[in-house]
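I opened the notebook to record what I looked up in this structure. The entries follow the order in which I checked things.

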Amino acid sequence: MVNYVIKRFFMMIGTVLIIATLTFFLMHAIPGSPLDSDRTTNPTIQANLEKFYKLDQPLSSQYISYLKSIVTFDFGPSIKKPNESVNSLIGRGFPISFELGMVTILVAVISGVVLGTLAALRHNGVIDYLAMTFAVIGISLPNFILATLLIRIFAGELGWFPAATWQSPMHMVLPTLALATGPMAVIARLTRASMLEVLTQDYIKMAKAKGLTPWKIIVRYALRNAMMPVVTIMGTMLAGILTGTFVIEKIFAIPGMGKYFVESINNRDYPVIMGTTVFYSAFLVFMLFLVDIVYGVLDPRIKLHQKEGDPS
Amino acid sequence: MKKKWLSLVFLSLLMLLLAACTANKDAGKENTTSDDTKKGEKVLYLNNAVEPNSFDPSVAFDAVSWAPLNNLMEGLVRLNDKNVPEPATAEKIDVSEDGLTYTFTLRDNAKWSNGDKVTAGDFVYGWRHMLDPKTASPAAFLAYVIDGAENYNTGKGKPEDIAIKAKDDRTFIVTLNAPTEAFLNIISNPSFFPINEKVAVENPKWFAEADSFVGNGPFNLKTWQHDSKMVFEKNDQYWDKDTVKLDKIEWAMVNDTNTEYQMYQNDELDIATVPSELAQDLKDNPELKNEDQAGIAFYRFNVDKKPFTNEKIRKAFALAVDQQNIVDYVTKQGQKAAHGFVSYGLTNAKGEDFREVAGDLIIFNKSEAKKLLVEGLKEEGWTKLPAVTLTYSTSPDNQKIAVALQSQFKENLGVNIKLKNVESGVFMTEQKELKHQLSRSSFLFDYADPVNAIESFVTDSSMNRTNWSNKEFDQLIADSKKETDNDKRWKLLQDAEKILIDEAPVIPLYFYNQLTLEKPSVSGIVRHPVGYLELKWADKK
């Protein structure tokens, strides 16, 4: 186990480095520079700026100083917002995205698992059809459409909730709903499918034969085994949701991290692109790592040290 | 082993949950403290779309920074409700007979929000800061009319050689290198605001947070939650505080026009922009305000790329565009069709509007367009028109217009053109490198003078981007800069504009406007064609 963790740890670092390197060269390959604006400033100022941000140096030395910045996790100042460092942007945006993400994940997991389990237990019944119709709608309806609808109905027409901005718990309700519906639907469908499979297994029959209560059978034996596919997608889902979603944050004016991903690329704000990418990929890789460990907990048959990080 | 892992995972989940919850409570608390609006207070709720890029007056160079900053600080002059610069921090302005030397006498009661007096030295400090090559201010070029400014800014001169002087604490003297009609208008730009020298020397980042911000305008920066919210309150130190009627201004930062509109409907905002999808439905809404904004959307030809090497073919394309049709059925935002290059809203001392005096220089004319196309092809000896690609930067609005142009060229000239969209950063780089044949462009005025727009097209200007060059045009612009008589100067500029439109390196489309929804309870907000949101006189019932 320890060996495995150490091995995985180095693999994680390797993965992040590869992603960072690819990003660096791709980023410099797109035309345009962070200092471009519709107004052309005079060449002296342009040169001064390039010198200040070290953009006048050859790519190789830029790459090295950038690798340094990854190791020290200090990405320097944003070029578009010269008074802010990339670290302070992430430090400010991430907790907010994380907060929204955690609430979303909790809502999605709890309601998804409950819905999926109910559907499986009442297979081909009314609840099943209702739950799965709901799930199909949830999966097919993009969250930005849902977000706009929610604002229109609950803020515009009914006035129950504030339309946007990030201030009180009331402000969280609509974005959480908009963001949670998709993952919830995915989780519900996965739970239902694997529950159906698990429920036909011999050990469930055995448990029934032993006279265990249905509640105990479901929670202790069925659900636990049915959770494998859900855990599999949780890693990427968590990383994606916790680091902020551009569209939802834009629609609800949530000052999270999502916008930096997209805006930094539009602005060619190199330090911010690199900072957010490294941060996101490190986070994602770490989540996948956690998922692998959770596998072992849920299913002792998966021997991590033998399969070397490819447990499926 | 198994149990241990399980409990570890649960523990970490619990921690995450707790972290989320605590953050949540904090968020709630913050809200209650900043929302403690007293009864009867006049609070205006506005939206600034995004976080201001900077409140350093020298660095701010966009509407999202200027709109708030213009109400937190004040320069020597402020534009009044008729867009004319009036003495502000200065109480008296003397101009020498040759129009070169401006002597500003500052108000005795002009104070910073921390109680310090605003001195002439603060202006010298602020302007030198803007021109310092290290500041890399995008606005610096605006100051090049001041003697010695360009030299210092480009690293060739010393700050002491800029012709700005503090004769004493209340007298500020500026010498220009050429008489400039628009000078007072130019210095209404936030880049020319003073900077409190004492504060800035002590803390070079004084403008980055609400706690350290020191302004001299009608309002004070009370709180600034970055990327999320700003609160302004009336500045008690302001020399003209009796005019200021609002107690507070709360700025949200919502960058989605549909959300903004819903917030307006939900009374969370007093003013909102109009989402383009709703422009048609809201056309007759009494809360809608439509005001000029000096700027133009247009297309550039590259006169070095076939077929636009031929003037007649360019003209044919330009005449085949029905501007009115685009404004009425494509953009639908109440803009004015552009039949010239200089937009409405630029007036002289007599109150005449440049555009109205210059008249319509190009109007959609299908038969003339067709005729010119045939003549052009003949001149070049082409049997078939070389392929044309129109390029625009990716956005739904740009696309709509590009598609409309494509169909107008097809219908009015019988020409099939290709459309190509590219990401905006790439687009700008390619346009500067003159890689396009025909490409979308826009121009927003930096100061209220026609020359600002027209001089973009002098030979070798970095704003030219068409390869078009005309000696007569260049000469007219050069003459206009030396001309002290404003009537003659306007005549020169009008002649230049005529050449520009006649040789058609550009196709004008429409002039920009400011379309806003404003609650009936709000009054006194001034939006200038060239300028910055003005809340000094704003009131709310």
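Is the crossing of α6(A) and α7(A) left-handed or right-handed? I looked it up, and the crossing of α6(A) and α7(A) is right-handed. By definition, a crossing is left-handed if the near helix is turned anticlockwise from the far one by less than a right angle, and right-handed if clockwise.

I noted the ground rules next. The model is predicted, local features need pLDDT of at least 70, side-chain atom pairs count only at pLDDT 80 or more, and totals for chains, interfaces and linings use all residues. Residues are numbered from 1 along each chain as its sequence is written, while chains are lettered from A and ligands numbered from 1 in the order in which they are written.

Entry on the helix pair. Two packed helices are described by the angle between their axes and the distance between the axes. I found that the axes of α6 (residues 143-157) and α7 (residues 169-199) of chain A come within 9 Å and cross at roughly 145°. Axes here are lines fitted to C-alpha atoms, for helices over the stretch in contact, and angles run from 0 to 180 degrees between N-to-C directions. Helices (H or I, at least four residues) and strands (E, at least two) are DSSP runs, numbered from the N terminus.

I then listed who touches whom in this pair. On α6(A) the residues include L146(A), L150(A) and F154(A), and on α7(A) they include L174(A), L177(A) and G182(A). Contact means that the C-beta atoms of two residues, placed from the backbone, lie within 7 Å. I sorted the contact residues into 10 nonpolar, three polar and no charged. Ala, Val, Leu, Ile, Met, Phe, Trp, Tyr, Cys and Pro count as nonpolar, Asp, Glu, Lys and Arg as charged, and the others, Gly among them, as polar.

Entry on chain A as a whole. I counted 14 helices and zero strands. The C-alpha atoms fill a box of roughly 85 × 60 × 30 Å along the principal axes. Of 312 residues, 39% count as buried (20 or more other C-beta atoms within 10 Å of a residue's own).

Entry on α3(A). This helix, residues 59-72, reaches 20 Å from its first C-alpha to its last. I found it hardly covered, with one buried residue among its 14. Just after α3(A), F73(A) has a positive phi of about 50°.

Entry on the two chains. I found 47 residues from chain B and 49 residues from chain A in the contact. On the chain B side, α1(B) gives the most, with 12 residues.

Technical notes. The expected span of a helix is 1.5 Å times one less than its number of residues. A residue is buried if 20 or more other C-beta atoms lie within 10 Å of its own, exposed if 12 or fewer, and partly exposed in between; C-beta atoms are placed from the backbone.
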